[in-house]
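This briefing is for a reader new to the structure shown below.

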Amino acid sequence: MKGLAKKSVAVFVSALMICLLFALAGCSSQSTTNNNSSNSTKSDTMASRTIVDDAGRTVTIPGVGALTKVYYTGAPGEIMCFTLAPELAGGTTMQYTAAELAYLPASTGSLPYLGTLSGGGQLNPEAIIAQGIQVIFSVTLDTPTDSDKTSADDLQAQTNIPVVVINGALDSLGNSYRELGSYLGKESQAEVLASYCEKTLSAVDAAVATIPSSQKLVVYYAEGSEGLQTEPVTSTHFSAFTRAGAIDAATQVGAGSAKGMSSVSLEQVIAWNPDVIIAWDDVVRGGADETIRTSANWSSIKAVQTGRVYTMPNVPFSWCDRPPSVNRILGIQWLASTLYPDYYKIDMLQVTKDFYATFYHATITDDQAKAILGNSYTG
């Protein structure tokens with residue numbers, strides 16, 4: 001009888017263990033909810049999950065395995081998503097030129113234009129819905145505000161598509177990439193890009209900190225077809241220049257404005273007499289770089305006389321501004337090395353090739369890199 005009792009207990013324990021195992025297996029198959037996107041796990045391959053975005057909004061988005069099409073409220077979001085997962089692009093916020101498309105995946109040219117909120121534009125909600133977009137990313141230029149939160153809520157209500165706000169400020173790019181990587185199922189690649197951004201900013205900051213104030217250069221950023229629009233130092237569109245150690249020639253223009261493109265007169269630029277002029281090119285951007293270099297009207301300015309009028313590289317995206325996305329990380333390196341080659345010493349040709357391969361999925365030759373760098377490349 002004792003042996004029979006022992007066998008009964010053993011059978012009962014075994015049955016209990018099996019039940020527990022099945023129960024645990026059932027629990028592990030449930031969909032995961034993440035309150036912090038950086039803690040995403042492989043269980044996110046389920047149909048949906050809930051995250052908290054950078055505006056503090058709770059949003060339910062498709063799991064990685066269910067996500068096939070994304071869109072964006074503007075170019076900053078488009079570029080960040082493109083660097084991680086170009087295959088998920090459901091449309092474009094930009095209308096590309098042939099010169100820009102030459103450095104982008106072939107499929108980019110066939111993407112439908114669905115509108116943008118950048119530059120005061122408008123989205124096309126009906127077209128976004130018809131295209132089957134599953135998530136819309138709103139990448140801000142600074143820490144998300146209440147206005148950003150409200151805009152995201154309104155767009156989400158209008159389209160019934162989840163809208164995720166991401167902090168696109170320069171110093172937040174590393175963490176933002178990690179968040180975006182978790183949403184798109186690109187954690188490993190996101191870490192590569194995040195680390196690149198953080199290491200680059202740290203290296204530039206360290207170099208700029210060693211430049212004596214007396215050697216800081218006054219820079220005029222020449223925008224527009226005549227070169228007579230510019231960015232005040234308060235503008236987010238001048239942030240790459242400031243980070244690279246430039247002193248804004250237009251310190252008193254449009255003070256308090258974050259939008260920039262402020263109009264100035266040639267007489268004002270002559271009075272500022274900048275050490276360096278960074279100009280839009282006259283081919284891709286419709287700028288005034290050649291006019292500034294060759295016109296007698298500009299000839300009295302120090303930057304023109306010393307040959308320090310540089311054309312901003314523009315393909316596939318402008319390096320420093322408009323759009324102000326992760327492309328600025330390359331632009332900051334270019335500005336720092338161009339303005340202060342004795343303090344920030346890098347091989348700009350190799351940096352360009354590496355950045356295009358790492359961020360833009362494009363393998364470019366030395367000759368292509370030299371052409372992109374233009375007159376700022378000195379060999």
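**Overview**

The structure holds zero disulfides, a disulfide being a pair of cysteine sulfur atoms within 2.5 Å. The model is predicted: local features need pLDDT of at least 70 and side-chain atom pairs count only at pLDDT 80 or more, while totals for chains, interfaces and linings use all residues. Residues are numbered from 1 along each chain as its sequence is written, and side-chain values use heavy atoms, with hydrogens and water left out.

**The chain as a whole**

- The protein chain contains 14 helices and 11 strands; helices (H or I, at least four residues) and strands (E, at least two) are DSSP runs, numbered from the N terminus.
- Of the 379 residues in the protein chain, 49% are buried. Buried means under 20% relative accessible area, exposed means over 50%, and partly exposed lies in between (1.4 Å probe, protein chains only).
- Among contacts between residues at least 6 apart in sequence, 62% join residues at least 24 apart; contact means heavy atoms within 4.5 Å.

**Strands and their pairing**

- Strand S1 (residues 48–52) pairs with strand S2 (residues 58–62) in the antiparallel sense, over five bridges. Two strands pair if DSSP finds at least two bridges between them.
- Arginine 49 stands opposite isoleucine 61 in S2.
- Five residues lie between the strands of the S1 and S2 hairpin, where glycine 56 has a positive phi near 80 degrees.
- An open sheet is formed by four strands in the order S8-S6-S10-S11, with parallel pairing. Its edge strands, S8 (247–248) and S11 (309–311), each pair on one side only.
- Strand S6 (residues 218–222) and strand S10 (residues 276–279) run parallel and are joined by four bridges. Alanine 222 has alanine 279 in S10 as its bridge partner.

**Nonpolar cores**

- The largest nonpolar core has 91 residues, and Phe137, Phe241 and Trp334 have the most contacts inside it. Helix H7 (residues 187–208) gives the most to this core, with nine residues.
- A second, separate core has 16 residues, including Tyr220, Ala279, Trp298 and Val309.
- A nonpolar core is a set of buried Ala, Val, Leu, Ile, Met, Phe, Trp, Tyr and Cys residues joined through side-chain atoms within 4.5 Å.
- Leaving aside neighbours within four places in sequence, tryptophan 334 is in contact with residues that include Ile278, Tyr310, Trp319, Cys320 and Leu373.
- Cysteine 320 counts as buried because its relative accessible area is 1%. Cysteine 197 is also buried, at 1% relative accessibility.

- Helix H2 is largely enclosed by the rest of the structure, because 10 of its 10 residues are buried.
- The buried residues of H2 pack against strand S3 (70–72), strand S4 (135–140), H6, H7, helix H12 (327–339) and helix H13 (348–359).
- Threonine 93 is in the loop between helix H2 (75–84) and helix H3 (98–101). With 5% relative accessibility, threonine 93 counts as buried.
- The side chains of threonine 93 and glutamate 78 make a polar contact (2.6 Å). A polar contact is a pair of N or O atoms within 3.5 Å; within protein, one must be able to donate a hydrogen and the other to accept it, and residues adjacent in sequence count only if both atoms are side-chain atoms.
- A polar atom of the threonine 93 side chain lies 3.4 Å from the backbone nitrogen of alanine 75.

**Serine 176**

- Serine 176 lies in helix H6 (residues 173–184) and counts as buried, at 1% relative accessibility.
- Its side chain reaches the backbone oxygen of serine 172 at 2.9 Å.

**Histidine 361**

- Histidine 361 lies in the loop between H13 and helix H14 (366–373) and is partly exposed, with a relative accessible area of 38%.
- The side chain of histidine 361 reaches the backbone oxygen of threonine 83 at 3.1 Å.
- Histidine 361 and proline 86 are 275 residues apart along the chain, yet their C-alpha atoms are separated by 9.0 Å.
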